[in-house]
Amino acid sequence: MTRTPTNFGPYQDEYQQGMPLWRRVLILFVKTVLTVAGVVAAGTFVFPVEAHAGRSCEPVKARAEAIVKGMELAGLTSRRLDATGAQVVILARAGQDLSKYGLHYSHLGIAYKTAEGPWRVVHKLNQCGTAVAGIYRQGLGEFFLDDPWRFEAAFVVPSEAVQGQLMAALREPPARIARLHTAPYSLVSYAWGGKYQQSNQWALETLAAAMEPATVASREQAQAWLKFKGYEPGTLKLGPMARIGGRISAANIAFDDHPNEKRFADRIETVTADSVFTWLPRAGLGATAVAIQL
């Protein structure tokens, strides 16, 4: 099934058409768990039909244990976010093991509390390990059911001013919140480039656009604002063999947008969740990151 990238509506009806029986049974089971946990109201999330954020589209049967743990993390996260009194947070998950690069979290989204009560996450997802991506809105349940490396999350509560600007942007039509979206995707896209755009980069540039809606109308302008505010991207040490191997083996990895003087010095500068969490409090835009673990 192919999702429309900028369709922010629920995918429940679309998804259930052609769903195998075993998955319907699983959904019924998890809905029961959700009802007990009070994580989300009915219909606020669906299970992912395809793998996202750099994963392949090979069919993998969901494990009941992983589903339960994912929903437990969603419930715990919902309660922790409610306790802050915030309306918008920057939310991260540990979707991939990036410890060899000194990174803890892999994927960022902008989470907001709906008028109905449940939290939703707007974020960019790579489509099945291809070279393209789209913008999606999901509930916390689905956000944590994407085969994470660790069942762990973290969030930063932005300042009230930042929350207000982000919420105003999220209330606009989908095309508006996705206006800085670039479909060509690279997992290690250059932080100050425009050829590709990875998930964390979209979230960060969207924050910049929300803060200056009258003047930031392009990715280049968003990046200029981020530089002005002192953002420093993460730097990955990737030698030539790692770069060649990654480029050949994965459609969603490219290095040709990085300046030669940095690329050939094994300095790959990209937007990491950890670097964003470090920058937000330093720039006076948010509090210190809070970790959530089962």
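**Exercise 1.** In which sense do strand β1 and strand β5 pair, and over how many bridges?

*Solution.* Start with the source. This is a predicted model: local features need pLDDT of at least 70, side-chain atom pairs count only at pLDDT 80 or more, and totals for chains, interfaces and linings use all residues. Residues are numbered from 1 along each chain as its sequence is written, and side-chain values use heavy atoms, without hydrogens and water.

Next, find the strands (DSSP runs of E, at least two residues; helices are runs of H or I, at least four; both numbered from the N terminus). β1 covers residues 88-93 and β5 residues 152-156. Strands pair if DSSP finds at least two bridges between them. Here there are four bridges, in the antiparallel sense. Ala92 stands opposite Ala154 in β5.

**Exercise 2.** Describe the contact between Trp192 and Tyr231.

*Solution.* Apply the ring rule (Phe, Tyr and Trp, the last by its six-membered ring; centres within 6.5 Å; planes under 30 degrees apart are stacked, over 60 edge-to-face, the rest tilted). Trp192 and Tyr231 lie 6.0 Å apart, centre to centre, with 75° between the planes: edge-to-face. They are 39 residues apart in the chain. Together with Trp225 and Trp279, Trp192 and Tyr231 form one aromatic cluster.
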